[in-house]
Each structure stands twice: as structure tokens, then as C-alpha cells.
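Hi,

Here is the structure I said I would pass on. Have a look at it first, and then read my notes below.

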Amino acid sequence: MKKQSIFIGVLLLAAIFGCAYVYKQLHQPIDLLEEINDIRNNSPSSANDRLQNHNSYMDTLETLKTSGSLTEGIKYLDILIEKDTDHKSVYQLEKGKLLFSMDNFKHAIESFSAAIRESPYGSPSALEWRAYSYINLKDYKSAILDAESLIEKDSTHWDRYHRIKTYCDSISRLETALQ
């Protein structure tokens, strides 16, 4: 009887350890970075090719920007906007930023507006940049509308968007009082 109890005890322990081993194998944490790198390096998929192309385009754009070739950067982005439909909103946003840095605020607004239209999420970044462009053109009402839209869409940076709105409200009131 004693040998039988020991045998049953050993079997139960083996079953418990076996279940624990299987559970551990099935529930190992996934290293997402490793998974993404594996997909990027090993998958010959067209999505991977498009992502690699996009990264290459952005590297080229960064080289143009750092060398001071902003006009060439805009021409390059125009080509990309026509060529690459997957990342059109990103290229429009980058084009707007370049135009903004060149103090070409009217064309920057057009580019940011296109980025907003092209993005499935409304591109909060393009909305913010467009608000800053409106501020530079002293179109505070439009900047306020963009800031209000940002506050509704993206609560993560609510304080920053609220500052834009408050600044524009203050300037508008000051201009009205001075007239």
C-alpha cells in the first residue's frame, strides 16, 4: 500500500510539472521587437517591400533636409506623393513642415490640409502644424478651430492644444480691443 501511495504521488507530481511545462510553453511572452525585425528581415512580402521603400525614402528626405536642400526635398516629396499611395499623408505632412520652415505658410496649410484628408485618423500632427501656420498668418480663428478639433481628437496632448487655443483667443481679443 505504501509503495502504491508513493507511486501515485510521483505520478501526480509528474502530471503537475508536465502541465506547468506545457502552460509555460504556450504562454511565453512575445518580444514584439524581435517579431517585427524577423518579419522585416525574412519576409519577402509586398507590405515589407513597401515599408522598406518608405524607410529608404524618409532617409533620403532626411539627407536632403540636413544638407539644406529644402527645395529639392519638396520636389522629392511631390514625386513620392504621386508615386506612393500608402504613405501619401505622411509625405504631405513632411512637405508642409518643409514649407513651414521656409516661412511659406499658405502652401504649408494646403499641404497639411491634404495630409489631414489623406490620413484615416485625421492626422493630429498635421492639424497642429496647420494651427501654427494659421498663427503665423495671424488667422487666429482658423487656428482656434484646429486647436478645438485637436482637443476633441487627441486627449494625450490636451494641455499643448489648449495653450494654442488660449494664445489665439488672447491675441484675437487684444486685436479687437485695439481696433
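This is a predicted model: local features need pLDDT of at least 70, side-chain atom pairs count only at pLDDT 80 or more; totals for chains, interfaces and linings use all residues.

Residues are numbered from 1 along each chain as its sequence is written, and side-chain values use heavy atoms, with hydrogens and water left out.

Now the rings. Rings of Phe, Tyr and Trp (its six-membered ring) pair if their centres lie within 6.5 Å; planes under 30 degrees apart count as stacked, over 60 as edge-to-face and the rest as tilted. Searching the whole structure turns up 3 aromatic pairs. One of them joins Phe-100 to Phe-105, edge-to-face, at 5.1 Å centre to centre with 75° between the planes. Phe-100 also pairs edge-to-face with Trp-129, at 5.1 Å centre to centre and 85° between the planes. What does that second pair do for the chain? It ties together parts that are 29 residues apart in sequence, because Phe-100 lies in helix 5 (residues 88-101) and Trp-129 in helix 7 (residues 124-136). (Helices, H or I with at least four residues, and strands, E with at least two, are DSSP runs numbered from the N terminus.) Phe-100 has 18% relative accessibility, whereas Trp-129 is partly exposed at 25%. Ring pairs link Phe-100, Phe-105, Phe-112 and Trp-129 into a cluster.

Next, how the helices pack. Axes are lines fitted to C-alpha atoms, for helices over the stretch in contact, and angles run from 0 to 180 degrees between N-to-C directions. The axes of helix 7 and helix 8 come within 8 Å and cross at roughly 160°. By class, the contact has 8 nonpolar, 2 polar and 4 charged residues; Ala, Val, Leu, Ile, Met, Phe, Trp, Tyr, Cys and Pro count as nonpolar, Asp, Glu, Lys and Arg as charged, and the others, Gly among them, as polar.

Helix 4 (residues 70-83) and helix 5 have axes that come within 9 Å and cross at roughly 160°. That makes helix 4 roughly antiparallel to helix 5. Their contact involves residues including Ile-74 and Leu-77 of helix 4 and Tyr-91 and Leu-98 of helix 5, and the tally there is 8 nonpolar, 3 polar and 4 charged.

His-87 sits in the loop between helix 4 and helix 5 and is buried at 16% relative accessibility. Leaving aside residues up to four places away in sequence, His-87 touches Arg-50 and His-54, where contact means heavy atoms within 4.5 Å. Ile-144 belongs to helix 8 (residues 140-153) and is buried, with a relative accessible area of 11%. Ile-144 and Ala-131 are 13 residues apart in sequence and 7.4 Å apart in space, C-alpha to C-alpha.

Cheers

How values were computed
Buried means under 20% relative accessible area, exposed over 50%, partly exposed in between (1.4 Å probe, protein chains only). Angles under 35 degrees count as roughly parallel, over 145 as roughly antiparallel, 65 to 115 as roughly perpendicular and the rest as oblique.
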